[in-house]
Amino acid sequence: MIAFLVKRLFHALLVMFVISIIAFAIQDNLGDPIQQMVGQSVPEDEREALREELGLNDPMLVQYARFAVNAAQFDFGYSYVFNQPTTEVIARHLPATLELVAASTFLIIVFSVPIGVYSAIKPRALLTRFFMSISIVGISIPVFLTAIMLIQIFAIGISWTPFPANTGWGNWLNELISTEGGMPAYGRGDPVTVFGTWDTNFASFKGLSYLVLPAISLASIMLPLFIRLIRAEMLEVLQSDYVKFARAKGISMRRIYFLHALKNTMLPVITVGGVQIGTLVAYTILTETVFQWPGMGLMFLDAIERSDIPLIVTYLMIVGLIFVITNTIVDLIYGLVNPTVKLTGKPS
Amino acid sequence: MTLNAVATKKTFKKTLLASLVGASMAGAALLPMTASAETLRMAYDADPVSLDIHEQLSGGILQLSHMTHDPLVRWTKSLDFEPRLATEWEQVDDTTMRMSLREGVEFHSGNPFTANDVAWTIKRLKQSPDFRAIFEPIESVEVIDDYTVEINTKEPYPLLLNLATYVFPMDSEFYSGNDEDGDPKDEIVKNGNSYASRNVSGTGPYTVTDRQQGVRTQFTRNPNYWDNESPGNVDNIILTPISENATRVAALLSGDVDFIAPVPPNDLDRVRESDDTQLVTMSGTRIIFFHMNQERVEAFQDQRVREAFAYAVNQEGIADRLMKGFATPAAQFSPEGYAGHVESLEPRYDVERAKELMAEAGYADGFDITMMAPNNRYVNDAKIAQAVAAMLARINVTVDLKTMPKAQYWGEFDDRAADMMMIGWHADTEDSANFHEYLTACPDADSGAGQYNAGNFCNPELDALIAAANVEVDREQRAEMLQQVEQTLYDQAAILPLHWQDLAWASSNRVNIEPVLNVMNFPYLGDLVIEDSE
């Protein structure tokens, strides 16, 4: 176990090192940060002075060495846009993203497990077919579009009058397909401060209402995927010999489904799920942009737009770190659920 | 005093005021409720980069300046000057202007506003990397008495009042001394956290009470604001940056915000058709055009070829169809209202004439050129470039077009990396000479002239004319000279002008934005009126 963690630590360092090299190598193509920092009529010599001050004129190797030495002391430099240490900027944006990811993960778990299990147990039921076709649609619609549609329907509201408005039934049908709107369309509202830079939306009903639409949008991609994954795994497990044997022994179906089968179904789901949570952090870029959710994804896009190189590099490294950490946790949980797995990573 | 302390003091005063009002209301319950606190929730596409109004010369900073500070003078809708902190001015001699200042004005910190603050502010502007160049003509500022200053210029300078719109006096006492880190409080830091980038004390209608960069900034009305005649009744402003166009519009339509800018052209109809919102548009002052690089392409040295290009491009068509009427077709730099604007200059669009000119110049079979344009800087920039490329194909010019995000584009622009390059320009001085100085003057690295002249157009006579205009204090005479420059640039087809980008704002119906908007795009929010919602 300790050896495993130490190994993972080296793994993490290696990942961060590679990311930092790549980020540094491409920074010339990210544009000139000076252009974003000064007005259009600023003369060239002023720009040159600023470039010199920021050390942008040094050879790439010198810049990288300077960065690496500082990074080793957990100093990742100053953001050009925010004028603060990049780690502070990210720490301030991280809670918003984590809350969004947590809310969608919650939605995914709450809906995918029952629906997945149900559609495996009753593969031919009408409801199963309905879920399956909906999930296909869910996978194929881009997150961006889902988000815009949700905003239109639930925030702005739609009034659609295809039926004659002068009749009672027409009015009723018109109202049925129209929505009022009223959900918040952007941002986090007034989150409550928990401690330091951690503001939470979970503390009040109003705060939660800001989370609903972004969380649904973010979940819309992963949810169908998980329903299908759980269903497929469950179907396979239900065909296995030990389930047949348990059945033959006369154990109640309920016990078989939810104890024996589900436990074995969840093993691969946990592996995929852990990795997907990392991906979820990446997907937040789109969701956060549409909802102007002030998290890391929005911050990152802004940083790219303004060529805020120190912030871009730090963000990439932290996302890399999140991937390594989630993978490590997944492996640990996997080991707990299935003790035959050896954590040393050697072929078993 | 820190920002928070100012805020607390203000809150205290407000609470006191509120309880007094409450007490009097109890006695006269029949009086109509007029003192209701109005809050304006507004969304711009970006938020100001800093609270230090001298850190960057940009639209965002100027919008902020007009909220937290007051200029000496400001532009009216018809581009005249309106007195603000300067009440009167007179030209004492060719190089000296005497200004009388408003008395009894207080900064947010409580310090009185005096002539010293004006002198101090102009001195600071002359040190700001972004503002230094435009304040170059000012030699010195003399404090005559507490409410009189004399501004001396090196040479006769006709644009001193234009410059005065950029002078937002800062609280010199507030910014004196060192902050807790030992750095001078008045230091201007581009990349770093300075005292002035976090703390504000101006004379303006609003104080900053809360700021989370990139998320929201909150403003509260300055209870001691000097301008009692202002009809403005907005007590709180919450500014949220929403960079995504669709989201910004959705936020307005859903009633989450009351005021947005800019309105993207694709959503103009949606906003116009909504019953709860109003749309305000006006012709802007930012010109969008192409440079034709004479150094890279020999053919561009031939005036007939440049004219042919001007004849080949259909500005009206681009403004109509591509921009959905959200642009004003241009044939010159200066928009209407600028001194150099020549009324008679119309876009020339005649493909037959263009072909003739190409043939006369010996290029009937055309030639190949490269073209570059940004794809996220100006409204529909990449699409416009495509349209121009297609139009040039009709006179047998084959265009190799490349578009890229602005972060990458400006590097390429500085390198003059293509034969034709797109750029948009707004004159910081709201004056015609500025266009020529930066965009078509003979390039000179030392003086900075022609810094953005990616066409390498050079006509020394025009440079001389502009130099003369810049020391001509007689406004009429000066306008004539500037018009002559525009006419010559047109005749010689120095650039390929496309259009002036229009401006659009939208608000909920009860927010009366129309009177406070202007072509410079800094709404005078202090004068904004929100109609009572009850």
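# Briefing: chains A and B and their interface

Of the 348 residues in chain A, 46% count as buried. This is a predicted model. Chain A is built from 13 helices and two strands, and its C-alpha atoms fill a box of roughly 80 × 75 × 35 Å along the principal axes. Among the contacts in chain A with a separation of 6 or more, 68% are between residues 24 or more positions apart.

**Interface of chain A and chain B**

- The size of an interface is often given as the accessible area lost when the parts come together.
- Chain A puts 47 residues into the contact, and chain B puts in 44 residues.
- Two salt bridges are found across the interface.
- In a salt bridge between the chains, D190(A) pairs with R216(B), with the closest N and O atoms 3.4 Å apart.
- On chain B, the elements that give two or more residues to the side touching chain A are β10 (234-241), α5 (245-253), α11 (406-414) and β16 (420-425).
- That side of chain B has 17 nonpolar, 15 polar and 12 charged residues.

**Helix α7 of chain A**

- Helix α7 of chain A covers residues 143-156, which makes 14 residues.
- From its first C-alpha to its last, α7(A) reaches 19 Å, close to the 20 Å expected at 1.5 Å a residue.
- The buried residues in α7(A) are V143(A), T146(A), A147(A), L150(A), I151(A), A155(A) and I156(A).
- An α-helix has 3.6 residues a turn, so residues three or four places apart point the same way.
- The cover over the buried residues of α7(A) includes α9 (205-239) and α11 (253-291) of chain A, together with α5 and α6 (268-273) of chain B.
- After α7(A) comes G157(A), which has a positive phi near 95°.

**Salt bridges**

- Side chains of opposite charge can pair when their charged atoms come close.
- Over all chains, the whole structure has 27 salt bridges.
- In chain A, R66(A) and D58(A) form a salt bridge with an N to O distance of 2.8 Å. R66(A) is partly exposed at 37% relative accessibility, and D58(A) is partly exposed with a relative accessible area of 24%.
- In chain B, E150(B) and R98(B) form a salt bridge at 2.9 Å, N to O. This pair links distant parts of the chain, with E150(B) in strand β7 (residues 148-153) and R98(B) in strand β5, 52 residues apart.
- E150(B) counts as buried because its relative accessibility is 13%, whereas R98(B) is partly exposed with a relative accessible area of 29%.
- D302(B) and R304(B) also meet in a salt bridge, at 3.0 Å from N to O. R304(B) is partly exposed at 34% relative accessibility.
- A network of salt bridges links D70(B), R74(B), E82(B), R84(B), D227(B) and D527(B).

**Loop residues**

- Y78(A) sits in the loop between α4 (60-72) and α5 (86-121) of chain A, and is partly exposed with a relative accessible area of 41%.
- Y78(A) and I309(A) are 231 residues apart in sequence, but their C-alpha atoms are 9.5 Å apart in space.
- H108(B) belongs to the loop between β5 (96-101) and α3 (115-125) of chain B, and counts as buried because its relative accessibility is 5%.
- The side chain of H108(B) reaches two backbone oxygens: that of G204(B) at 3.1 Å and that of Y206(B) at 3.3 Å.

**Backbone geometry in chain B**

- The peptide bond from A261(B) to P262(B) is cis, with omega near -10°. P262(B) is in the loop between β11 (259-261) and α6 of chain B.
- L79(B) is not a glycine, yet has a positive phi near 60°. L79(B) lies in the loop between β2 (73-75) and β3 (81-83) of chain B, and is buried with a relative accessible area of 14%.
- N456(B), also not a glycine, has a positive phi of about 55°. N456(B) is in the loop between α12 (432-439) and α13 (460-469) of chain B, and is partly exposed with a relative accessible area of 21%.

Methods. Residues numbered from 1 in each chain as written. Chains lettered and ligands numbered in written order. Predicted model: local features only at pLDDT ≥ 70, side-chain atom pairs only at ≥ 80, totals over all residues. Heavy atoms only, no water. Contact = heavy atoms within 4.5 Å. Salt bridge = Lys/Arg side-chain N within 4 Å of Asp/Glu carboxyl O. Helix = DSSP H or I, 4+ residues; strand = E, 2+ residues; numbered from the N terminus. Nonpolar A, V, L, I, M, F, W, Y, C, P; charged D, E, K, R; others polar. Expected span 1.5 Å × (residues − 1). Buried < 20%, exposed > 50% of the residue type's maximum accessible area, 1.4 Å probe, protein only. Polar contact = N/O pair within 3.5 Å; in protein donor to acceptor, adjacent residues only side chain to side chain.
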